[in-house]
Amino acid sequence: MLDILRRATRSVDQAEVYWLRETTMTCSFQSGNLEYVRHGRRSSTALRVIANGRMGAAFGESPEQRELLADATSAAKLGSHVPYGFASETPSLAADAVDPHTAVLSIDNLVGAAHEINQHIRRLAPDADPQVMCAVTTRALRIATSEGMDAEESSTQHVFRIILPFADRGTDIGAYGLALGTNWSPPSRAWLAELVEQRTWGTGPSLPVTGKLPALLSPQVSNLLLIPLIAGISGQTVAQATSPLRDKIGKPLLSSNLTVREDPICPALAHPRSFDDEGIACQPRNLIDRGMLTSYVTDLRSAFQLGQSSTGNAVRRTLFSQNIDDVPMPSVLGAVIEPGDMSYRELIAGMGDGLLVTFVRGLHSGNLVHGDFSVLVDGFRVRNGRIKGYLAKTMISGNIYDVFRHVRALSQETEATAQGALNVSALAPYILLDSVRVTVG
Amino acid sequence: MMDTLRRALQALDVDYADIRFDEERKTKLALSGRDIAQVAAYNPRGGYVRAYVRGGKAIASFSRIEEAAIVAQQTAAAARLAARHTAQAISLAPAPVLEESFLVTTEHDPRRVSLAQKNELLQHYNEAALGHAHVLTTQFFYDDSFAHRAFANTEGTAVEYEYLIATILGVLVGRRGDTAQRGLFAAGGSGDFGRLISRDEGIKRAAAELDELLGARPAQAGRFPVVLDPFGAAIFIHEAFGHRSEADLLQHNPAIRERMALGTRIGSPILNVSDDPTLPDCAGSYPVDDEGVRGRRTRLIVDGHIVGRLHSRETAAVFGEPLTGNCRAVDAGYGPIVRMSNTMIEPGVSSVGEMIASIDDGFYVAGGGGGQGGIDFTFASRWARRIRNGRLAEVVSDANLSGNLFTTLKAISMIGDDFQMIEGCDCGKGSPDGHQQFARISAGAPHIKLDVATIGGIEC
């Protein structure tokens, strides 16, 4: 047992320690030039206590920090009454997510891999001006409670992010590729060749007309669906009656072409998880089954409010959190959208006139829980099934519970998405929407 | 602590290195409806090192002050490695050596207010919000933060500086039929706890806006003339231009950099924009940045022409432009990058009445829903009304606005005389360490009129 828990049991009813240690190495090349190498070490600790039935919390860098227990106990004097307790069962750990090879990589190895990617891109496209970032993270998360739960899970992850700016540079976008995984595997030559080809699509701006058009969303844009959906199935918004999905379990919500699973241990996702941020075991399950809503997601608090058990979906880093400072909230630890059976190139060829959307801006600004979106988009215009230049000054808008009711098809290719500031990991295909409102500035 | 930092830099075989250590003390209270969702105290601490050797650059973060010397040595070694792959040397603009302490003093210091009193104030606003029949639930947050930072570099600069800030944010949620909407409340954004007291009018305003939004139809999408309220205009200049005045975002895009050369006309001739971290009591105020460079007022646009840019020591060297003291880090986990401070549209001569009267068919947009910058930019309204025949008409929801850097600033045809700074604002931006969220910034503006802007409403 951690010393802080031993001390806590002498003065409070219950205690829970969350201790996250991360080591990250990064290198970044810009135009063939090494911009920087970075080494980051971070240790963060959250202590929650229940004292006289009330919850309090304190945060610091290490469980050894003496003031943590006193601060949390002091905070508990004002905290709310909590009629539930911390986790008492130690979950069994899923398959090891540590790649021994990744764990011992040096900064030399990273620089070498990124340099080789640069050289290969330059061979394929001598006028390309690539940005290549390579990062490796080793993470260890330990959660222990005074009730006997004590588990530690480690994982490794590598990320390659490559941007090939369009040749005319009239924009700050370009062809964008992201490759991540647990086991060290730099991007293949075929993957790089595909990216180099996508760069040639950006030969200049091409504005669609204002109106309704089909839109093919790239896997990196799956957050357009997932962020509002997760807000809607959150036990917190359901318990507060602010979710539009209250009383919608078992009802058709989205297109029958869409199945969304939660799979926290999916090896293709960033940092697979066996337990959530309150130490409750994570469970793979369907969230949307062929368009039908099948499950809400809860943490200890919202589960109590709904009269259920926690589904193991407590997450400390939700929308825009950058540290572990926030209250655990219900979210999804790894979303998987089931793929279709056509290639994304076939989807483009068959869509007639429309948009290929590769990035959205301003998603966080809308009425997320309600599902409304009104966002600027990057991507490409498609005319007669062929790419015709990049989008500029283009917004798409609507409500996810309208536009994702009409999904024409999904691609067979899937990609893992970056967590970014939105903090949702997903594995998603390209999604072809029948129609979305397009406004051009 | 300063001695430890200076010792860590001694005898490093580098062209330049600096080191920073942050100690922070934060309080957070969160209410969800009548439930207290969180009462917490925070003591984050950590350090950051940068080393430059023959044009190669290495950076590192660490958690404990005892690690400072070893991390500094490792970072210097990494910079030597980086130099082997660096054809284009990274250099720093010269900066004056500074040895000074900048400690915060404030009359109504939140550190002297008890947790119970802070909770009582938050509960008061929460109850006031929940007292409105159409408010289904609420989320209220109280945050205060005191940060002490020490910075030293191998040139002899050694500065200690502090930040103190307290804010209250409130989200009022209502539901009518299938429609859920939010009303937003924000107060504070400085080290003065007094600014959080007696703000009941703001709760009433947020509740009234929520009531109107619940009965509103979504905005019609299209191109319209728009009047932005001071909050909207402040967010507009932050997203539309401010981010592109941050030199690191221009550095690697030669075409955009050329289009934004100093002297270029980018806006209407009545447009003047500046950034000023020396303003008293604003969220983006500071005496010295995280490279040990003094903050100063920088004029960015004068009479519609670009006249300045925001810089770090690296970008100032690349662009050959003066230092501005805008290189900042959110906290100990992050290195400094170019950030805005308090960015403003300077006041003009028009009245909001004249602006509305000049529009036959358009929108009045109040800002506050967030936004995102780029060559194309967007931001969300907090609340909006149609303008018809020169008069304010019905309230509409979901009036998100977008535009383009090179066209929208030229569409500003009127600037008001009613300048206001906004409270409780923060900003996110990507960096080598990940996404740096919640940088303390502020922005200010009077009402402005755009002759044409894109409204990405939900309705056709």
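Q: How do you know that the second largest cavity counts as a cavity, and what is its volume?
A: Happy to walk through this predicted model. The second largest cavity has a volume of about 180 Å³. The term applies because a 1.4 Å probe fits at its points but cannot get out.

Q: What makes a residue part of the lining of the second largest cavity, and which residues lie nearest its centre?
A: A lining residue has an atom within 4 Å of a cavity point. For the second largest cavity 19 residues pass, and nearest its centre lie A:R48, A:M55, A:V327, B:A37 and B:Q38. Two strands, β3 (54-60) of chain A and β2 (35-42) of chain B, each supply at least two residues of that lining. By class the lining holds ten nonpolar, three polar and six charged residues.

Q: How many cavities of 30 Å³ or more does the rule count?
A: The count comes to four.

Q: Why is the contact between A:R42 and B:D331 called a salt bridge?
A: The closest N and O atoms of the two residues are 3.8 Å apart. The cut-off for a Lys or Arg side-chain nitrogen and an Asp or Glu carboxyl oxygen is 4 Å, so the pair qualifies. Across the interface of chain A and chain B, the rule finds six salt bridges. It also finds 24 residue pairs in polar contact there, with both residues at pLDDT 80 or more.

Q: What makes the second largest pocket a pocket, and what is its volume?
A: Its volume is about 610 Å³. The word is pocket because its set of points is open, with protein on both sides within 12 Å along at least five of seven lines. Of its 30 lining residues, A:H370, A:D372, A:N399, A:Y401 and A:D402 are the closest to its centre. Elements giving two or more lining residues are β17 (394-399), α10 (400-403) and β19 (426-440) of chain A, together with β8 (179-190) of chain B. The lining has twelve nonpolar, eight polar and ten charged residues.

Conventions:
Residues numbered from 1 in each chain as written. Chains lettered and ligands numbered in written order. Predicted model: local features only at pLDDT ≥ 70, side-chain atom pairs only at ≥ 80, totals over all residues. Heavy atoms only, no water. 1 Å grid on protein atoms, 1.4 Å probe; cavity = no way out; pocket = protein on both sides within 12 Å on 5 of 7 lines; lining within 4 Å. Points joined across faces, edges and corners; volume = space filled by probe spheres on them. Helix = DSSP H or I, 4+ residues; strand = E, 2+ residues; numbered from the N terminus. Nonpolar A, V, L, I, M, F, W, Y, C, P; charged D, E, K, R; others polar. Polar contact = N/O pair within 3.5 Å; in protein donor to acceptor, adjacent residues only side chain to side chain.
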